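Colleague: Please walk me through this one, feature by feature. I'd like the general idea each time, then the case at hand.

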Amino acid sequence: MSVTEDVLLAAIESLLSAVLAQAGLAYENARLYGALAERLQEIRNLQQYQESVIRSSSSGIAVIDRDGRFLSANPAFAAIVGRPEAELVGSSFSAVLPDVDLPPGPPDGGESALEARFWNALEEERDLRVSVSAFRGEPDRRVVLVDDVTDRVRAEKAL
């Protein structure tokens, strides 16, 4: 074999090594992309599940910012206050529930609650249990849980 053939074979061998290395890298990237796509679908499924639970709850659930403005609210919350969900976002707690003092969120991350009488936008008198807790991972947000306890209060008074 001549020197030229040796150099040519070495160049071909080097080229094949480089191509095989790139092919191996492409295969590994495709495998990782597939795994990432599976995880992303799992996260989407979990997010849809959690949203479904919140939207299906019979308790009113809302998230407010540090200024007491609504960032989100579920259908039960909208029904309790007698307003459409879309109207709630951006509104202040005091404008939506004017007769209810927002309980301060406890500094230890627990929950604070109160009961109050409230006239909703449909002119219905309701007795509410309002509790506030910290929104984990978002210190400037709070979760507001509202339960309509009107029937219970009326039953207690009737007794």
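Modeller: Contact means heavy atoms within 4.5 Å. Not counting residues up to four places away in sequence, Val 146 touches Ser 59, Gly 60, Phe 77, Ile 80, Leu 128, Arg 129 and Val 130. Before we go on, a word on the ground rules: this is a predicted model, where local features need pLDDT of at least 70 and side-chain atom pairs count only at pLDDT 80 or more, while totals for chains, interfaces and linings use all residues. Residues are numbered from 1 along each chain as its sequence is written, and side-chain values use heavy atoms, with hydrogens and water left out.

Colleague: Is Val 146 buried or exposed?

Modeller: The labels go by relative accessible area: buried is under 20%, exposed is over 50%, and partly exposed is in between (1.4 Å probe, protein chains only). Val 146 has 1% relative accessibility, so it counts as buried. You'll find Val 146 in strand S5.

Colleague: How do I read the strands, then? Which strand does S5 pair with?

Modeller: Helices (H or I, at least four residues) and strands (E, at least two) are DSSP runs, numbered from the N terminus. Two strands pair if DSSP finds at least two bridges between them. S5 (residues 142-148) runs antiparallel to S4, with 7 bridges joining them. As an example, Ser 133 has Val 143 in S5 as its bridge partner. S4 (residues 125-134) is also joined to S3 (residues 111-119) by 9 bridges, antiparallel again. There, Glu 115 is partnered by Arg 129 in S4, and Ala 116 stands opposite Leu 128.

Colleague: What joins S1 to S2?

Modeller: 3 bridges, with S1 and S2 (residues 70-73) running antiparallel. Ile 64 has Phe 70 in S2 as its bridge partner. S1 and S2 form a hairpin with 5 residues between them, and Gly 68 in the turn has a positive phi of about 80°.

Colleague: Which residue takes a positive phi in the hairpin of S3 and S4?

Modeller: Most residues other than glycine have a negative phi. In this hairpin, with 5 residues between the strands, Glu 123 takes a positive phi near 65°, although it is not a glycine. At 66% relative accessibility, Glu 123 counts as exposed.

Colleague: Now zoom out for me. How many helices and strands are there?

Modeller: The protein has 5 helices and 5 strands, in the order α-β-β-α-α-α-β-β-β-α along the sequence. Its radius of gyration is 30 Å, well over the 15 Å that the globule rule gives for 159 residues, so it is more spread out than a compact globule. That radius is taken over C-alpha atoms, and the rule is 2.2 Å times the number of residues to the power 0.38. Along the principal axes, the C-alpha atoms fill a box of roughly 110 × 30 × 30 Å.

Colleague: What share of the residues is buried?

Modeller: Buried residues make up 25% of the 159. As for contacts with a separation of 6 or more, residues 24 or more positions apart account for 34% of them.
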